[in-house]
Amino acid sequence: MVEADHQATFESIRNILEVYNAEGIEITTSTRLMSDLNIDSVAAMDLIMEIEDRFEIDIPVNMVSDVETTQDLVRIVVARLENRA
């Protein structure tokens, strides 16, 4: 059940990240947002807002600084969804 939640969340985040994927690389859980997708700090804030809207959650700014990979985003979103329940 938890693994399914992580996979579904990853798929949703991957779809959102496609907008930032100008080079068409394969987005995996280990994809690095800044170095692989060239997401800068401004784009990162746009991304976070889009994820917040998509999942109807709030992601505190202090958690954003810990995000390096797609998997980091998945972990934060799943944790925020679990806290909401």
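A salt bridge here is a side-chain nitrogen of Lys or Arg within 4 Å of a carboxyl oxygen of Asp or Glu. With that settled, some notes on this predicted model.

1. Ground rules. The model is predicted, so local features need pLDDT of at least 70 and side-chain atom pairs count only at pLDDT 80 or more, while totals for chains, interfaces and linings use all residues. Residues are numbered from 1 along each chain as its sequence is written, and side-chain values use heavy atoms, with hydrogens and water left out.

2. Salt bridges, the overall tally. Searching the whole structure turns up 3 of them. I'll take each in turn, with helices as I go (DSSP runs of H or I, at least four residues; strands would be E, at least two; numbering is from the N terminus).

3. Arg14 and Glu11. These two form a salt bridge, with the closest N and O atoms 2.4 Å apart. Both sit in helix H1 (residues 2-17), and because they are 3 residues apart there, about one helical turn separates them. For accessibility, buried means under 20% relative accessible area, exposed over 50%, and partly exposed in between (1.4 Å probe, protein chains only). Arg14 comes out partly exposed at 25%, and Glu11 is also partly exposed, at 26%.

4. Arg32 and Glu68. Here the side chains meet at 1.8 Å, N to O. Arg32 lies in the loop between H1 and H2, and Glu68 in the loop between helix H4 (61-64) and helix H5 (70-84), so this pair ties together parts that are 36 residues apart in sequence. Arg32 is partly exposed at 36% relative accessible area; Glu68 is partly exposed too, at 43%.

5. Asp72 and Arg75. This salt bridge has an N to O distance of 3.3 Å. Asp72 is buried, with a relative accessible area of 17%, whereas Arg75 is partly exposed at 48%.

6. Which side chain of opposite charge is nearest to the buried Glu52? For Glu52 in helix H3, that is Arg80, 7.5 Å away, and Glu52 has no salt bridge. (In this count Lys and Arg are positive and Asp and Glu negative; His and the chain ends are not counted.) Leaving out residues up to four places away in sequence, Glu52 touches Ile57, Asp58 and Ile59, where contact means heavy atoms within 4.5 Å.

7. Ser41. This residue also belongs to helix H3. Its relative accessibility is 54%, so Ser41 counts as exposed.

8. The largest pocket. Its volume is about 220 Å³. Of its 14 lining residues, Leu33, Met34, Ala44, Val64 and Val67 are the closest to the centre. Helix H2 (33-37) and helix H3 (41-55) are the elements that give two or more residues to the lining, and H3 provides the largest share, 4 residues.

9. Pocket terms. The search runs on a 1 Å grid over the protein atoms alone; a pocket is an open set of points where a 1.4 Å probe fits, with protein on both sides within 12 Å along at least five of seven lines, and lining residues have an atom within 4 Å of a point. Points are joined across faces, edges and corners, and the volume is the space filled by probe spheres set on them.

10. By class, the largest pocket is lined by 9 nonpolar, 2 polar and 3 charged residues. Nonpolar covers Ala, Val, Leu, Ile, Met, Phe, Trp, Tyr, Cys and Pro; charged covers Asp, Glu, Lys and Arg; the others, Gly among them, are polar.
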